[in-house]
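Dear colleague,

Please find below the structure that I am handing over to you. My findings follow it.

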Amino acid sequence: MTGRQRKTAREITVLALCAAVLFAQQVALMALPNIELVSLLVIVYTLTFRYKVLYIIYVFAFLEGLFYGFSPWWWIPYLYVWTLLALVVWLWRACRSPVIWAMISGVFGLCFGALCALPHLVIGGPAMALAYWVSGIPFDLIHCVSNFVVCLALWRPLMRLLAKVKGD
């Protein structure tokens with residue numbers, strides 16, 4: 001195996017492990033309503049791996065579909081909401097403030113229900129989408145606060161850890 005092949009194999013392994021961590025922590029925390037590390041991990045993975053975060057996101061979404069079923073109500077949003085978060089992170093990639101990242105993560109948590117309402121809009125119309133979104137607002141508030149707190153507490157240590165993993 002050449003040095004380039006070793007580097008590629010290592011990179012594929014690291015990205016696969018990141019997707020596995022994303023999935024494992026989501027399953028481990030599923031009993032807690034809208035308290036998760038996915039948002040934070042997508043943020044730090046995007047800052048670390050740039051566009052390659054898409055591999056992590058789509059493997060994660062595929063694993064979620066295998067585990068929970070490929071329902072259009074929640075699985076289709078997973079294909080675009082995490083990608084949208086990665087895009088927002090990419091736009092803010094120069095920022096190094098944990099407070100800003102915590103705010104971005106919190107706002108994302110607050111908007112999560114509205115973003116996930118889009119399939120309901122297509123399938124059942126505006127009334128269905130609005131009903132879905134409004135009924136989930138209490139969970140979006142929890143999602144907002146928990147994302148903010150988790151990101152504020154763990155952004156720096158995770159960024160340092162991923163820099164070591166990546167070899168920077």
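How many nonpolar, polar and charged residues does the lining of the largest pocket have? By class, that lining has 17 nonpolar, 5 polar and 3 charged residues. Here Ala, Val, Leu, Ile, Met, Phe, Trp, Tyr, Cys and Pro count as nonpolar, Asp, Glu, Lys and Arg as charged, and the others, Gly among them, as polar.

Please note that this is a predicted model, in which local features need pLDDT of at least 70 and side-chain atom pairs count only at pLDDT 80 or more, while totals for chains, interfaces and linings use all residues. Residues are numbered from 1 along each chain as its sequence is written, and side-chain values use heavy atoms, with hydrogens and water left out.

Pockets

The largest pocket holds about 590 Å³ of space. Of the 25 residues that line the largest pocket, those closest to its centre are Gln-26, Asn-34, Trp-74, Tyr-78 and Phe-112. Two or more residues of this lining come from each of α3, α4, α5 (98–116), α7 (126–135) and α8 (137–166). A pocket is an open set of points on a 1 Å grid over the protein atoms alone, where a 1.4 Å probe fits, with protein on both sides within 12 Å along at least five of seven lines; lining residues have an atom within 4 Å of a point. A volume is the space filled by probe spheres set on the points, which are joined across faces, edges and corners. Helices are DSSP runs (H or I, at least four residues), numbered from the N terminus.

The second largest pocket has a volume of about 260 Å³. Its lining divides into 5 nonpolar, 1 polar and 6 charged residues, including Lys-7, Arg-10, Glu-11 and Arg-50. Helix α1 gives the largest share of this lining, 5 residues.

Helix α3 (residues 53–68) has 16 residues and should span 22 Å at 1.5 Å a residue, which agrees with its end C-alpha atoms being 22 Å apart; the expected span is 1.5 Å times one less than the number of residues. The buried residues of α3 are Val-53, Ile-56, Ile-57, Phe-60, Ala-61, Glu-64 and Gly-65. Buried means under 20% relative accessible area, exposed over 50%, and partly exposed in between (1.4 Å probe, protein chains only). Among the elements that cover these residues are α1 (3–28), α2 (38–49) and α4 (75–91), where contact means heavy atoms within 4.5 Å.

Just after α3, Gly-69 takes a positive phi of about 105°. Asn-34 is found in the loop between α1 and α2 and is partly exposed, at 26% relative accessible area. Arg-50 is found in the loop between α2 and α3 and is likewise partly exposed, at 47%.

Cysteines

A search of the whole structure finds 0 disulfides, a disulfide being a pair of cysteine sulfur atoms within 2.5 Å. Cys-116 is in no disulfide, and the nearest cysteine sulfur, that of Cys-111, is 11 Å away. Cys-116 is buried, at 4% relative accessible area.

Yours sincerely
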